[in-house]
Amino acid sequence: MTLPTTHVSFPAGAVTGESPVLAVHPLDGGRFAVVTAATPFHPLDHTWPDQPADLGTLTVDGTELAVVDCLTGAVGPDGGAPLVGADIPVRRGDEEWSWLVLHVLATDPGDIVGHTAVLAVDAERRGALSASHSGCHLLALALNEALAPRWRKDPGRADAFGHPDFDSLAMASSVMDTEASTDTYRLGKSLKKKGFTVDATEEFPALADALPALTEAVNARLAAWVAAGAPVRIDVPGPELTARRQWHCELPEGAAQIFCGGTHLHHLGELAELRTELRLSEDGSELVAVTRPKRA
């Protein structure tokens with residue numbers, strides 16, 4: 001039997017739910033994956049693993065089971081066991097495949113297929129990850145604005161406010177944890193060919209020398225946005241795990257949108273502070289932004 005694509009409720013902020021258990025599959029290392037029809041759990045995305053998986057519990061017939069990991073799985077049109085991570089041979093969202101949230105248990109849960117599972121996400125951890133993820137998007141917009149003068153020409157991609165999208169064009173990796181988001185940007189030949197200036201010119205100093213002023217400008221913008229308490233929402237075209245969701249934030253300058261599959265705050269008033277630290281690698285080839293939210 002081919003399992004249906006899992007329906008998810010985490011985009012709306014849900015941390016609890018009930019759903020029938022559809023399947024249990026053994027995984028490497030003696031672990032087991034439980035598949036439910038629907039779930040509030042956010043799994044690690046195998047294509048862009050920026051936000052860590054939700055943890056929590058799954059309770060069946062009064063027995064509470066610890067969910068120690070949560071993964072994205074895929075099953076082909078011929079059925080079989082779910083494939084995970086690099087073993088998935090098709091593009092995310094391929095309509096001939098089923099896309100599943102795999103709730104990972106450390107032990108065999110026994111014969112629970114067909115029973116109802118009560119699912120509960122660690123809400124405090126989710127809240128911290130959501131704060132880091134929202135902070136990451138705000139950092140991207142503020143950094144794009146601060147770096148806009150350093151573009152000699154239009155790179156062909158702009159953010160929601162019309163600034164050259166440095167964040168998207170230079171992104172090498174983005175990782176969140178419960179304390180901060182860490183974004184690493186490549187400052188290589190490709191970016192320079194698109195028009196970004198790293199070295200000193202008559203208009204401005206070298207990027208290394210400009211970092212203190214850039215950091216101050218970015219943090220001032222972030223502070224203003226937090227003070228505005230702007231509402232945040234996730235636009236969801238459908239309940240499926242693979243639906244292409246979009247983060248929206250109604251900032252004072254206007255509405256900002258970024259495609260995103262993660263979880264987020266409901267409004268920026270949930271933050272007391274948001275600050276970033278910008279630093280260059282020793283060889284000047286990478287810019288790293290570590291953005292730390294302080295929850296209210």
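Biologist: How do the residues of the lining of the largest pocket divide into nonpolar, polar and charged?

Modeller: Rolling a probe the size of a water molecule over the atoms shows where empty space is left. A pocket is an open set of points on a 1 Å grid over the protein atoms alone, where a 1.4 Å probe fits, with protein on both sides within 12 Å along at least five of seven lines; lining residues have an atom within 4 Å of a point. Here the lining has 16 nonpolar, 13 polar and nine charged residues (Asp, Glu, Lys and Arg count as charged; Gly counts as polar). This is a predicted model, in which local features need pLDDT of at least 70 and side-chain atom pairs pLDDT 80 or more, while totals for chains, interfaces and linings use all residues. Residues are numbered from 1 along each chain, and side-chain values use heavy atoms, without hydrogens and water.

Biologist: What volume does the largest pocket have, and which residues are closest to its centre?

Modeller: Its volume, the space filled by probe spheres set on the points, is about 930 Å³. Of 38 lining residues, Trp48, Ile258, Phe259, Cys260 and Gly261 are the closest to the centre.

Biologist: Which elements give two or more residues to the lining?

Modeller: Helices (H or I, at least four residues) and strands (E, at least two) are DSSP runs. Helices H1 (123-147) and H2 (166-170) contribute, as do strands S10 (171-176) and S14 (254-259). H1 gives the largest share, six residues.

Biologist: How many helices and strands does the protein have?

Modeller: Four helices and 16 strands. The C-alpha trace spans about 70 × 40 × 35 Å along its principal axes.
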